[in-house]
Amino acid sequence: MVVDSIRTGRSPAGTIVEAGLAELGVAIAPSLHQAGIPELAAVARRLGMGFPDRTRALAVEVGGPLIFGAPLSEPVAAAIAPLGRRVLKQVRCWASEDSGRGAVRDPRARAGGHRAPGTGRNAVHDYHAMSALVARLARDPSLAEGIADVRVRASPVFSPDALRQAYQMLTEDTPLSGSRLLVEELTDCRECDLCGTAWAVTPDDVAGHLVICPSCGALAPLDAGAVIELLEIRSHPRA
Ligand SMILES: [Zn+2]
């Protein structure tokens, strides 16, 4: 997490600007004094020092970067508390992602309730999404026949198990039969408006078109909740 001030001139002083390293761009630096974070990352990589693969910069837009003095200008001072909350939210979200990568990855295990794949509250979404995808892939049977793997990225409203099961069911006895569905989970990081908990949403936190806070149970709309992105179609190698 990089916390800094910035002068883009594109937004009023006090605005919090968020960027990844790539978006910061590389500085044309005549000396080390002008080098920025992207240059630092490049040098660290070159020297094999390692550099965090997830980096976010949060910076407060300042009005007069060349004016020296104290205290902070009013708009910048007002941005400090929200900036702190944004930093905390991002760090908690990363922590939540990391703990999710541990040994117990089955999100159903966490809520205590056992749910067989494809029979949960989201099974209808899963099935409909897959039938739309399969219909699209099968439009050209000669093309469908050559497909080995279909890679998608799905938001947490979907259960990867249920998606795979629906895919297999829907492609049976079609030219797509035998092809595999590979599901990547889209990370959806949230912060609860009520209790401030930040976490990465799992299928267990979703009910219909709502997200349930795992700490306090508050409901929030699942905006753009049902996204399945087609990432890649891999064909069988031609003989
Ligand atoms: Zn909450």
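Asp-98 belongs to helix 3, which covers residues 74–100, and although Ala-200 is 102 residues away from Asp-98 along the chain, the C-alpha atoms of the two are separated by 9.8 Å.

With that residue placed, one can turn to the protein as a whole. The chain forms seven helices and eleven strands, and 21% of its 239 residues count as buried. When contacts between residues at least 6 apart in sequence are considered, 69% of them join residues that are at least 24 apart.

In soluble globular proteins, nonpolar side chains tend to be buried together. The largest nonpolar core in this model has 25 residues, of which Met-130, Val-134, Phe-158, Leu-163 and Tyr-167 touch the most other members. Two or more residues of this core come from each of helix 5 (123–137), strand 4 (147–154), helix 7 (160–171), strand 5 (180–185) and strand 7 (198–200). If residues up to four places away in sequence are left out, Tyr-167 touches Met-130, Val-134 and Leu-181. Another core lies apart from this one and consists of five residues, including Leu-58, Ala-59, Val-60 and Val-62.

Further along the chain there is a sheet to follow strand by strand. Strands of a sheet pair through backbone hydrogen bonds, either parallel or antiparallel. Here three strands make an open sheet in the order 8-9-10, and their pairing is antiparallel. Strand 8 (206–207) and strand 10 (219–221) stand at the edges, and because each has a single partner strand, one side of each is left without a neighbour in the sheet. Strand 9, residues 210–212, is joined to strand 10 by three bridges in the antiparallel sense, and within this part of the sheet Val-211 stands opposite Ala-220 of strand 10.

Finally, the confidence of the prediction deserves attention. The mean pLDDT of the protein is 80, and 85% of the residues reach 70 or more. Over residues 102–121, however, pLDDT stays under 50, and for this stretch the model has 25 contacts beyond four places in sequence. Where pLDDT is low, the predicted coordinates should not be read in detail.

Notes
Residues are numbered from 1 along each chain as its sequence is written. Helices (H or I, at least four residues) and strands (E, at least two) are DSSP runs, numbered from the N terminus. A residue is buried if 20 or more other C-beta atoms lie within 10 Å of its own, exposed if 12 or fewer, and partly exposed in between; C-beta atoms are placed from the backbone. Two residues are in contact if their C-beta atoms, placed from the backbone, lie within 7 Å. Two strands pair if DSSP finds at least two bridges between them. A nonpolar core is a set of buried Ala, Val, Leu, Ile, Met, Phe, Trp, Tyr and Cys residues joined through C-beta atoms within 7 Å. pLDDT is the predictor's confidence in each residue, from 0 to 100.
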